[in-house]
Amino acid sequence: MKLPSPRGPLSETVVATLGGEPDGQPIPFTAADPYGEDLTIALHTLYELHYCGFDGVHPAWEWDPELLKFRAQAEIVFLAALRSDVDGGDDLDAALDALLVEHVPGSGVSHHLRDNGNWDEMREYFAHRSVYHHKEADPHAWVIPRLRGRAKAALVAVEFDEFGGGRADRMHSRLYADLLQGAGMSADYLHYLDDVPAPAIAIVNMMSLFGLHRSLRGALVGHFAAAEITTAPSAQRMAQALERLNADPRCVEFFTEHIEADAVHEQIMRRDVIGSLLEQEPELRADVVFGIQATELLEARLADHLLSSWAAGESSLRTRLRWLVSQNG
């Protein structure tokens, strides 16, 4: 995979730095919008060093002290914004119960796509979500060695399903690649990263941030629970949308796979993972709540971006011309 296109001075610094070899020199950090394109793509690029990396980038950059200092400064900005923009508190029952409420009539992205969405909007949505689904369940795996006992065993059980129950062709990341192929899109890893704006990428950055820091293990569990609790109903709407649009069965299958699986995962996450974790470490309750709230915050920002773009008759992607060329060969 090639390095992404920079989106401002911070990401220009990151891309230029990774083009050379570590030399021990300080890497200058400049202020940036915590949710803006520049900081978001800079952080994603730095985190990707811990996933699949980039062609031609020296492997020593992954743990280079100066690059880690730079990343820490970016993380401070992003994490401070997340903490500032959520309500906080430690009322876990209220936070979890709110995830189970289905508003009627619904006004989210999956509601729009089910009722009124067109095929172009659906494919744009696929591009946005590909930034995460290409590495589905990977960020959550970092929390496994930070849990103990029943919480660890239960979370591994959920992850086992996410990774296809030991079958490579059933891994959820593979099923998403199949979905992309069924939609006539590229299934290459992070192929659409340059097309996707900050709101979708920020969600993946949050997962990586929570996963890479032991101090944020409670937030990662909260995020994972929020994702599992909310997936089944939205997946059902997405399957209905795709059936209405006569989509390839591979597109539908990705979502039908999640309807039943995540309904089970919801119970495991709430009872066995969170319940056991807080029996062992009750002081993490507020962190779990933070993870739930931060997930809801960033998902809402993405939904606002998608729906406002489509309502205005505009593409939700950054590079519509490149997107059209890539889709039409």
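At 12% relative accessibility, H111 counts as buried, where buried means under 20% relative accessible area, exposed over 50% and partly exposed in between, with a 1.4 Å probe and protein chains only. H111 has its place in helix α5; helices (H or I, at least four residues) and strands (E, at least two) are DSSP runs, numbered from the N terminus. Not counting residues up to four places away in sequence, H111 touches E102, G106 and R237, a contact being heavy atoms within 4.5 Å. This is a predicted model, in which local features need pLDDT of at least 70 and side-chain atom pairs count only at pLDDT 80 or more, while totals for chains, interfaces and linings use all residues. Residues are numbered from 1 along each chain as its sequence is written, and side-chain values use heavy atoms, with hydrogens and water left out.

The protein as a whole may now be considered. The protein has 14 helices and zero strands. With 329 residues, a compact globule would have a radius of gyration near 20 Å, and the 19 Å of the protein agrees with this; the radius is taken over C-alpha atoms, and the globule rule is 2.2 Å times the number of residues to the power 0.38. Along the principal axes, the C-alpha atoms fill a box of roughly 55 × 55 × 40 Å. Buried residues make up 52% of the 329 residues. Among contacts between residues at least 6 apart in sequence, 81% join residues at least 24 apart.

Two further residues show opposite surroundings. A235, found in helix α11, counts as buried because its relative accessibility is 3%. Leaving aside its neighbours within four places in sequence, A235 is in contact with F255, H258 and I259. A235 and E257 are 22 residues apart in sequence, and their C-alpha atoms are 8.6 Å apart in space. By contrast, A16 in helix α1 (residues 9-18) counts as exposed, at 56% relative accessibility. A16 and P6 are ten residues apart in sequence and 9.3 Å apart in space, C-alpha to C-alpha.

Just after α13, G313 takes a positive phi of about 75°.

The pockets remain to be described. On a 1 Å grid over the protein atoms alone, a pocket is an open set of points where a 1.4 Å probe fits, with protein on both sides within 12 Å along at least five of seven lines; lining residues have an atom within 4 Å of a point. The largest pocket has a volume of about 1,200 Å³, a volume being the space filled by probe spheres set on the points, which are joined across faces, edges and corners. It is lined by 48 residues, of which R129, T230, S234, E296 and E299 lie nearest its centre. Elements that give two or more residues to this lining include α5, α11 and α13, and α11 gives the most, with twelve. The second largest pocket has a volume of about 240 Å³. Of the eleven residues that line the second largest pocket, M1, K2, L190, H191 and D194 are the closest to its centre.
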